[in-house]
Amino acid sequence: MDSKELARLKDHLDRANFEVISPSIPFVLEGPDLLVRHGQRALIVFIPRKSEQSAPSLLAGRISGSLLAYPSYVEAVINISEPDSSHFALGLDGLVPVTTSTTDLMRFASRRTERKSSQSNDLRRIKQLHMRRVGRITEASETRGAISLKATSSEVAFQMSANLRARNKGDRALFGVRAAQTQEGLRLALTSARSARRAAVEVTHASYSSLYQLDNAVPYPTTNTVDKGLWADDMISEGREYALWFALVHALPKANR
Amino acid sequence: MKRAEVVKTFRMLLGAYPGLPAAEITRITDEFNELLRVASVSPQRRRMLLEVVHACRALESTLDVMLGHFGIVLSDKDKSLGKSLNIFNSSAVVGPGKLVDRIDSHAKARYQDLVTKVRNNMMHRAGAYPHTENDLDGFMSVIHAWLSHLMALT
């Protein structure tokens, strides 16, 4: 969906008396496309981008990251309006609700449904763990300067680089980021003139999708994770905020990667 | 990240927060609206000071209404950013219908240093203004982080 179509969708919702904005909060590098409110119900709406249609895990990562940062009373929904994307929709079934047109989205937003209490409890528990991890990363990055949690475990570094290789068919570059193993751990660098922000966004979404598996709009942690850091000098120069979120890449699953 | 977009996001999230009294929400929403409206005020330093004032009042009232919702009521003489922050750093704000966790001590110290102290200085000292747009950006980004932190813990 391009920006004109997004503007049209916003306009439709607006005229039907839905409160609608393009949201932005500091804890998410790139989050939902829309925040829609109808009465007491608030929805974060995700519209798959072209890059996400070829790599749905990026979308799943974007949604997981957003669900962890937005309040637990906010519900996530994917809206797909292009007719040829039904196949894509199938792959996302069960992750979060999917609506297939503007009317469908409005109907969904007007419905009175509540999350099951078991789902809410799960989400709250997961948010707690996530925020504790974010707190630790922030503290380490602020007290030692940017991201200085070095990846001291060579095992983790190796897993990271194996992961990058596997995903990119032998090439060590993933989403414009190159991983190089050094004595201190894994050093990440940008491969081209590509924007650091874009690279940070994609790597963050990719790592969210390997850390969390979406099931009925709850991002469940995939496995025990290890808290080890990575170096990302190029991105640190873009600002602490990106560095912080980029640091989430640190926590790779221990096994099966 | 544009400041106005962030403000609009908080305004809407707060409006949908289950169980908060409507009158309080209206009051805080109005503060956020004022924050969005001061863009045209001149001279620049007056506008920047006004932004600080409205942002701090919105933040303080948000903290206050959330505490009230959690059944924690502060007497007027006890109301202050610092005192609210201390409570948000305690287990009193954690539990069903409350937050998933308290604000950690490191974040608390950061908010204390970068928001509370700066705000107090600007409110009480003649001639104290944000020096540049960068100063204001930095200050606002911490206020936004503080509000974001609360949303992520909700």
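Strand S3 of chain A, residues 41-46, has six of its six residues buried, so the strand is largely enclosed by the rest of the structure. Here buried means under 20% relative accessible area, exposed over 50%, and partly exposed in between, with a 1.4 Å probe and protein chains only. Strands (E, at least two residues) and helices (H or I, at least four) are DSSP runs numbered from the N terminus. The model is a predicted one, in which local features need pLDDT of at least 70 and side-chain atom pairs count only at pLDDT 80 or more, while totals for chains, interfaces and linings use all residues. Residues are numbered from 1 along each chain as its sequence is written, chains are lettered from A and ligands numbered from 1 in the order in which they are written, and side-chain values use heavy atoms, with hydrogens and water left out.

Both faces of S3(A) are covered: A:Arg41, A:Leu43 and A:Val45 are buried on one side, and A:Ala42, A:Ile44 and A:Phe46 on the other. Strands are taken to pair if DSSP finds at least two bridges between them. S2(A), residues 34-38, runs antiparallel to S3(A) and is joined to it by five bridges, with A:Leu34 opposite A:Val45. These two strands form a hairpin with two residues between them, and A:Gly39 in the turn has a positive phi of about 60°. S3(A) also pairs with S4(A), residues 74-79, in the parallel sense over five bridges; A:Val74 in S4(A) is the bridge partner of A:Ala42.

Elsewhere in chain A, A:Thr102 lies in helix H5, residues 102-110. A:Thr102 has 19% relative accessibility and therefore counts as buried. Leaving aside residues up to four places away in sequence, A:Thr102 touches A:Leu9 and A:His12, a contact being heavy atoms within 4.5 Å.

Chain B has six helices and zero strands, in the order α-α-α-α-α-α along the sequence. Its radius of gyration is 15 Å, close to the 15 Å that the globule rule gives for 154 residues, so chain B is as compact as a globular protein of that length. The radius is taken over C-alpha atoms, and the rule is 2.2 Å times the number of residues to the power 0.38. The C-alpha trace of chain B spans about 45 × 30 × 30 Å along its principal axes. Of the 154 residues of chain B, 49% count as buried. Among contacts in chain B with a separation of 6 or more, 64% involve residues 24 or more positions apart.
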